[in-house]
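Dear colleague,

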Amino acid sequence: MATANKICSLRRRIYQFVASVSGVIALLVILWGCTANDFNAGAIAWKTYSNSRYGFEFPYPSNWTSSAAPANGDGIAFISSQDNSVEIRGWASHELPNSIVIEQEPVKKIKSNFQTAQGVSGVMVVEVDRDIGSMRLTLTQSQVKYYWQGRSKSQKFPDYYRLFYYIAQQYRISKS
């Protein structure tokens with residue numbers, strides 16, 4: 001019985017090791033694809049989405065279609081004309097004053113790690129799991145939080161990473 005437990009435990013450890021190594025290898029393959037410098041923004045016809053409620057804008061490929069904008073005017077999403085599982089979206093919201101969010105646990109602050117072409121610093125988070133890959137940019141100015149996100153299926157994420165990154169760089173907040 002003890003030998004069977006040891007064998008089972010050893011098999012479990014080997015499986016966990018192989019699963020973690022394959023996850024690291026998959027991540028390295030994705031990141032290698034993301035660093036290739038073959039993106040040509042000039043080869044794409046662009047349009048610009050402008051949000052009048054919060055005063056932000058970002059470019060999007062002209063052949064992408066917009067989803068229905070929410071009635072509150074906080075943002076929009078665009079879907080790729082080639083693959084409807086690929087989307088970009090931008091939105092904003094007013095931050096609640098600290099006095100209202102007393103009961104919440106403190107939010108872990110992430111230092112700025114990204115700067116737009118306009119010079120606005122923010123936080124860029126890239127997450128890739130088994131199903132979905134996403135790039136999310138968060139910018140804060142005054143009492144407004146601005147968000148931009150690009151999403152695709154994980155296996156397609158390396159194909160869209162450079163496009164997403166370029167659009168995030170071009171995100172602009174109008175000077176008030």
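The notes below go through a sheet, a helix and some aromatic pairs.

This is a predicted model, in which local features need pLDDT of at least 70 and side-chain atom pairs count only at pLDDT 80 or more, while totals for chains, interfaces and linings use all residues. Residues are numbered from 1 along each chain as its sequence is written, and side-chain values use heavy atoms, with hydrogens and water left out.

An open sheet of three strands runs in the order E1-E2-E10 with antiparallel pairing (strands are DSSP runs of E with at least two residues, and helices are runs of H or I with at least four, numbered from the N terminus; two strands pair if DSSP finds at least two bridges between them). Strand E1 (46-51) and strand E10 (172-173) are the edge strands, each pairing on one side only. E1 pairs with strand E2 (residues 56-61) over six bridges, and Thr48 stands opposite Pro59 in E2.

The whole structure holds 17 aromatic pairs (rings of Phe, Tyr and Trp, the last by its six-membered ring, with centres within 6.5 Å; planes under 30 degrees apart are stacked, over 60 edge-to-face, the rest tilted). Trp46 and Tyr166 form a tilted pair, 5.2 Å centre to centre with 40° between the planes. Because Trp46 lies in strand E1 and Tyr166 in helix H2, this pair ties together parts that are 120 residues apart in sequence. Phe58 and Phe78 form an edge-to-face pair, at 6.1 Å and 80°.

Best wishes
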